[in-house]
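This report describes one protein chain from its overall form down to individual side chains. The sequence and structure are shown first.

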Amino acid sequence: MTYNELPWRAARGALPEAANSNEEIDVDMMQAYCARQVVSVETAVVLATANAALEGEEFDEEWQDRLRDVASGRTSADDLVAQEIARISGDRT
C-alpha cells in the first residue's frame with residue numbers, strides 16, 4: 001500500500017508498476033505528505049484495528065488501550081514492541 005502513495009509514485013515517475021527502481025524519495029515531499037496524515041488518537045486506534053482485521057488479527061480492548069498509549073505519546077512504539085516481545089518470550093519458557 002505504501003508504494004501507491006504520492007512520495008513513492010513521484011520518485012518512480014513513469015516507470016511501469018513491475019519495474020524496479022532505485023530512485024531516492026524526496027525527503028521534503030515525504031515530510032509534507034506524512035504531516036498531512038495526522039489523525040485523532042481514537043481514529044488512529046480504529047484504523048490500526050481495522051488494518052489488523054484485514055490481516056486476520058483481532059485487537060481486544062487491552063490491545064486497543066495499548067495502541068491509545070502509543071498514539072497519545074504515553075508509550076513509544078519501541079517500548080510497546082519490547083513489552084510484547086518480553087511477554088511472548090515469557091510465555092514460551
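Predicted model: local features only at pLDDT ≥ 70, side-chain atom pairs only at ≥ 80, totals over all residues.

## Model and confidence

The mean pLDDT of the protein chain is 89, and 94% of the residues score at least 70.

Helix H4, which spans residues 61–71, has the highest mean, at 95, whereas helix H5, residues 77–92, has the lowest, at 88.

## Overall form

The protein chain contains five helices and zero strands. Read from the N terminus, the order of its elements is α-α-α-α-α. The chain is more spread out than a compact globule, because its radius of gyration is 17 Å, well over the 12 Å that the globule rule gives for 93 residues. Along the principal axes, the C-alpha atoms fill a box of roughly 50 × 30 × 25 Å.

Of the 93 residues in the protein chain, 15% are buried. The accessible surface amounts to about 7,500 Å², and carbon and sulfur atoms contribute 53% of it. Among contacts with a sequence separation of 6 or more, 19% are between residues 24 or more positions apart.

## The aromatic pair and its surroundings

How many aromatic pairs does the structure hold? There is one aromatic pair. Its members are Phe59 and Trp63, which are stacked, with 5.8 Å from centre to centre and 25 degrees between the planes. The arrangement counts as stacked because the planes are under 30 degrees apart.

Phe59 is partly exposed, with a relative accessible area of 24%. Trp63 is likewise classed as partly exposed, at 22% relative accessibility. The ring of Trp63 also has a charged group over it: the charged end of Arg66 sits there, 4.7 Å from the ring centre.

Glu84, a residue of helix H5, touches both Trp63 and Arg66 when residues up to four places away in sequence are not counted. Is Glu84 buried or exposed? Glu84 has a relative accessibility of 13%, and it is classed as buried because this value falls under the 20% limit.

## The loop between H4 and H5

Thr75 is located in the loop between H4 and H5. Which residues does Thr75 contact, leaving aside its neighbours within four places in sequence? The contacts of Thr75 on this basis are Asp69, Val70, Leu80 and Gln83. The relative accessible area of Thr75 is 18%, so this residue counts as buried under the 20% limit.

Ser72 is also found in the loop between H4 and H5. Its relative accessibility is 34%, and Ser72 is therefore partly exposed, as values between 20% and 50% are classed in this way.

## Separation in sequence and in space

Two residue pairs illustrate how sequence separation relates to spatial distance. Ser72 and Ala11 lie 61 residues apart in sequence, and their C-alpha atoms are 32 Å apart in space.

The second pair involves Glu42, which belongs to helix H3, residues 41–54. Glu42 and Gln64 are separated by 22 residues in sequence and by 9.4 Å in space, C-alpha to C-alpha. Glu42 itself is partly exposed, with a relative accessibility of 40%.

Technical notes
Residues numbered from 1 in each chain as written. Heavy atoms only, no water. Phe/Tyr/Trp six-rings, centres within 6.5 Å; stacked < 30°, edge-to-face > 60°. Buried < 20%, exposed > 50% of the residue type's maximum accessible area, 1.4 Å probe, protein only. Lys NZ or Arg CZ within 6 Å of the ring centre and 35° of its normal. pLDDT = per-residue confidence, 0-100. Helix = DSSP H or I, 4+ residues; strand = E, 2+ residues; numbered from the N terminus. Contact = heavy atoms within 4.5 Å. Rg over C-alpha atoms; globule rule 2.2 N^0.38 Å. Areas by Shrake-Rupley, 256 points an atom, 1.4 Å probe, with all protein chains shown as cover.
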